[in-house]
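Q: I am new to this structure and would like a close look at one part of it. Could you walk me through a metal site and then show me what lies around it and elsewhere in the chain?

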Amino acid sequence: MSDDNARYNAAEVEPRWQAVWEKGDIYRADDKSDKPKFYALEMFPYPSGRIHMGHVRNYAMGDVVARYKKAQGFEVLHPMGWDSFGMPAENAAIATGGHPKDWTYGNIDAMKAPMKRLGFALDWSREFATSDEAYYKQQQAIFLKFWEKGLVYRKTAKVNWDPVDNTVLANEQVIDGKGWRSGAVVEQRDMDQWFFKITEYAEELLEGLDTLDRWPEKVRTMQANWIGKSEGLQMRFEWTGSSKDIKVFGKKILTIAEHADAGDGVHPDRQANVLNYISEGIEVFTTRPDTLFGASFIAVSPDHPILKQMEQSSTEVEAFQAECAKIGTSEEAIAQAPKLGLDTGLRVKHPFDETKTLPVWIANFVLMGYGTGAIFGCPAHDQRDFDFATKYGLPILPVVQPPHPNHPREGGDERKLEEAYVGEGTLINSGFLNGLSKEAGISAAITKIEEIGLGQGVTQYRLRDWGVSRQRYWGCPIPVIKCEACGPQPVAEADLPVQLPYEDIDLNIPGNPLDRHPTFKTGTKENPVTCPKCGEPAERETDTLDTFADSSWYFARFAGGNTEDTPIGAAANDWLPVDQYVGGVEHAVLHLLYARFFTRGLRDCGLLDLPSGEPFAGLFTQGMVTHAVFTDEDGEYVMPADVIEGGNQLLHIESKKLISKGEVIKMSKSKKNVVDPDEIIEGYGADVARWFVLSDSPPERDVEWTESGVIGAWRFSKKVWSLVADSEKMNPLSVATDATGDALALRRFAHKALEKITAGIESFRFNTSVAQIYELTNALKKYKGEDAAKAESLGILIRVIAPFMPHLAEECWSHLGGAGLCYHAPWPEVDPAMLVEDEVTLPIQVNGKRRSELSAPKDISKEDAEKLALADEAVQRAIDGLTVRKVIVVPGRIINIVAS
Ligand code: ANZ
Ligand code: ZN
């Protein structure tokens, strides 16, 4: 080992190069560059206060791509910022008595330093936090543009209401049906809320998924399921008797005119239908009209407008609704809850069989927000209907005959059924549909219903409009003024931003601090809030936007720069879409879907020129960083840093208590199985931390953090350095075209490795690149020459290491005598000639004595080898005057000639 080797000290080398990079401003992306553009982006962090290993892995992956693309000749944009609005800041402020803003910006400062120490190739000139006034001002401008375009609307919707704290709760704040702070049973309340009309793009969002061929299949599937397109039938079941005489617990059903506000909870576009079914009958949505003959009941949602009358007249209905409300608003909770029902006493006619009537029930599993909020139940072929009918003794009539003759359902209605049959089959007990397949039955039933004027075939989406109102402080204020006379009015663009007040914020009282702020809502005496339309005193909207809005367009803002006069600078049109997006799979649905909606909205408002509307051309979802959980004798969690291995035992460093090692799971603060990146950087260097998280597992899988693994990574970095430190100065851009013998073999090795390393980076299999880098390092270690082949191979090694361990690469590059920065060096090019099959050297013996050797392709035929051997000059001399008796060719090994 040389002295240089002994001196390699990441703690000294890394900051030194970071200073050089920063001074050279080398990571600034040039909008005007005429190179091809490449936009690399990782999901930006929430400023919780600490960098964790998950961040390190996420950003290290993006950094490999960014640096690699730069070396390949692209102009690379690789920005960073902060997703800084949100509830944790409010909770922290409550816990510590501080202010959410101070907490947030303090955390940003605290996180930026370790982030910089990791040496990412980031263009910090574009940095912003979403809570910056300059950013949320533009978000308010976007909100108003969306409103103008019809992509924003207001409607009454259900919220979780905490009756003790007198506040709205987010779904995550409702635990087991109770408020997280008060413990009070949460109620469902109707409140005016703002919505983004994402359903406007349901079809486009679905179709767009087919174009995203660089997205993981599972993410596309999850999005498609979330959008949930169903082709079906919307149809009416008419009341028995005259609709005018229908009694609902003694009261008449109201006429359309009398029921003007019946559309609550229903998409405005569908209100007409809602009104319709109240006077004429019940409108349902079904994807299985083929099973109509098996219908045995109608069920409406507990929130169905028809129950409005009953609410006033029947305590029974009211009590039932209250019972259902306890389950909460989430679709999942409703699906898991036991089936609950109440017979309304109302009856409807069967569309195909005048003699048959069906009872109308209220059922807790019917959602108001999907379809029409009402269904017909066919218990034999839908499990929920089956459970419901079994519980309440409603008829179960099979109408689909399964194809298997031995199926227990064979024989039809006589048998006791155990569960619903949802598969394919032939229709039975179904009048004119008998004998048809499911598919044929569906279209025949739709045609018939359309003919008799009871409905029509429709497409439904499970996707709901995006409710964005949050009754919270730390978010983007919704730029609206509410006037009693004129209704909600947009704040004039010149008056943006609607500033989030800093003073007089008290989070210790439950409820929305903006709502009780002394001036935010109504202004001051001198400067009251007034209606932009009529000028009368009015009130500011006190809701703030869901923070998912903030992360729905930040990538466009990065690309367009921090412009003051427009949300998105023109440069974004050139940079977008993001070429490679990297982040957690937990964002597979909401964040990615909302961003895809926003880019379409921005496009249609003329704020972004992105015809496809797709923000992310390539997506990669990385696995997590895991670690074993340690517990002491009392079962308390212990941080890995406080554990030492002694003998065959694990001991707590301070108390010397015995520690046991538990399962290996995602690093999390609550289990204390975390390793602080800062400590790793301090102990081993940033390069080692980066190398480790990329080396051991395929990027989409979890990687287990182990001490031994880190030490291995650290040793490897030393090994690379010693290789360079022990070398003479040489040009790492050398190309040793006339290498022969060992030098040629080294070249071949280096180029083969290079090809695989490059392919690994291209296909997000960094671990395979790493494995090849190890091999190449070993080959170089063994090589004795100090020649062009070594210079070339070392030059390749340093450049392929650079995306992973950029500091070490710069140090090696400069030590070797490379011109300029390694960061600016081009990606090495594979010499295809070096990839062809290896040559072998075959010794040639004559009568047991080595006379010569033959360089030949490894797979040379025996005949060719014999011919070439006999033609060899030295061999010719040796057999001069003798007769060749025999030639023995041992393929790949030796050629023996027997002559006498
Ligand atoms: C009758 C029927 C018979 C149904 C049968 C299914 C099976 P997807 O495919 O997810 O769109 N449905 C309709 N609106 C509903 C609501 N608001 N809440 C709960 N369930 C609702 O699901 C469509 C099916 O879900 C519809 O087809 C309807 O039940 C139910 F053998 O109608 B079906
Ligand atoms: Zn007004």
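A: Here is a walk that starts at the zinc site, moves to a nearby loop in the sequence, and then visits some strands. Please keep in mind that this is a predicted model.

Let's begin with the metal. Four cysteines hold the zinc ion (ligand 2): Cys483, Cys486, Cys531 and Cys534, each through its SG atom, at 2.2 to 2.3 Å. Along the sequence these donor residues follow the spacing C-x2-C-x44-C-x2-C. The angles among the four donor atoms run from 106 to 113 degrees, and the site is tetrahedral.

Cys534, with a relative accessible area of 35%, is partly exposed.

Next, look at Leu496, which sits in the loop between strand S22 (487-490) and strand S23 (539-540). Although Leu496 belongs to a loop, its relative accessibility is 8%, and it therefore counts as buried, the cut-off being 20%. Leaving aside residues up to four places away in sequence, Leu496 touches Lys137, Gln140, Ala141, Leu144, Pro479 and Val491.

Among contacts with a separation of 6 or more, 73% are between residues 24 or more positions apart. The chain has 900 residues, of which 53% count as buried. It contains 26 helices and 36 strands, and its C-alpha atoms fill a box of roughly 125 × 80 × 65 Å along the principal axes.

Now for a sheet. Three strands make an open sheet in the order S11-S8-S18, and their pairing is antiparallel. Strand S11 (281-286) and strand S18 (455-461) are at the edges; each has a single partner strand, so one side of each has no neighbour in the sheet. From one strand to the next, the twist averages 30 degrees. Strand S8 (residues 229-238) is joined to S11 by six bridges, and one pair to look for is Glu238 with its bridge partner Gly281 in S11. Helix H14 (residues 438-451) packs on this sheet, where it touches S8 and S18, and its direction makes about 125 degrees with that of S18.

Further along, two hairpins share strand S30. Strand S29 (residues 643-646) and strand S30 (residues 649-652) pair antiparallel over four bridges. Two residues lie between these strands, and Gly647 takes a positive phi near 60 degrees. S30 is also joined to strand S31 (residues 658-666), antiparallel again, by two bridges. Here the hairpin has five residues between its strands, and Lys656 in the turn has a positive phi of about 60 degrees.

Finally, how confident is the prediction? The average pLDDT of the chain is 90, and 92% of the residues score at least 70. Over residues 1-5, however, the pLDDT is below 50, and residues 409-415 are also below 50. Where pLDDT is low, the predicted coordinates should not be read in detail.

Notes: Residues are numbered from 1 along each chain as its sequence is written. Chains are lettered from A and ligands numbered from 1 in the order in which they are written. This is a predicted model: local features need pLDDT of at least 70, side-chain atom pairs count only at pLDDT 80 or more; totals for chains, interfaces and linings use all residues. Side-chain values use heavy atoms; hydrogens and water are left out. Donors are N, O and S atoms within 2.8 Å of the metal (3.2 Å for Na, K and Ca); water is not among the atoms, so sites may look incomplete. Four donors count as tetrahedral if all angles lie between 85 and 135 degrees; four count as square planar and six as octahedral if opposite donors are over 155 degrees apart and all others between 65 and 115; anything else is irregular. Buried means under 20% relative accessible area, exposed over 50%, partly exposed in between (1.4 Å probe, protein chains only). Two strands pair if DSSP finds at least two bridges between them. Axes are lines fitted to C-alpha atoms, for helices over the stretch in contact, and angles run from 0 to 180 degrees between N-to-C directions. Contact means heavy atoms within 4.5 Å. pLDDT is the predictor's confidence in each residue, from 0 to 100.
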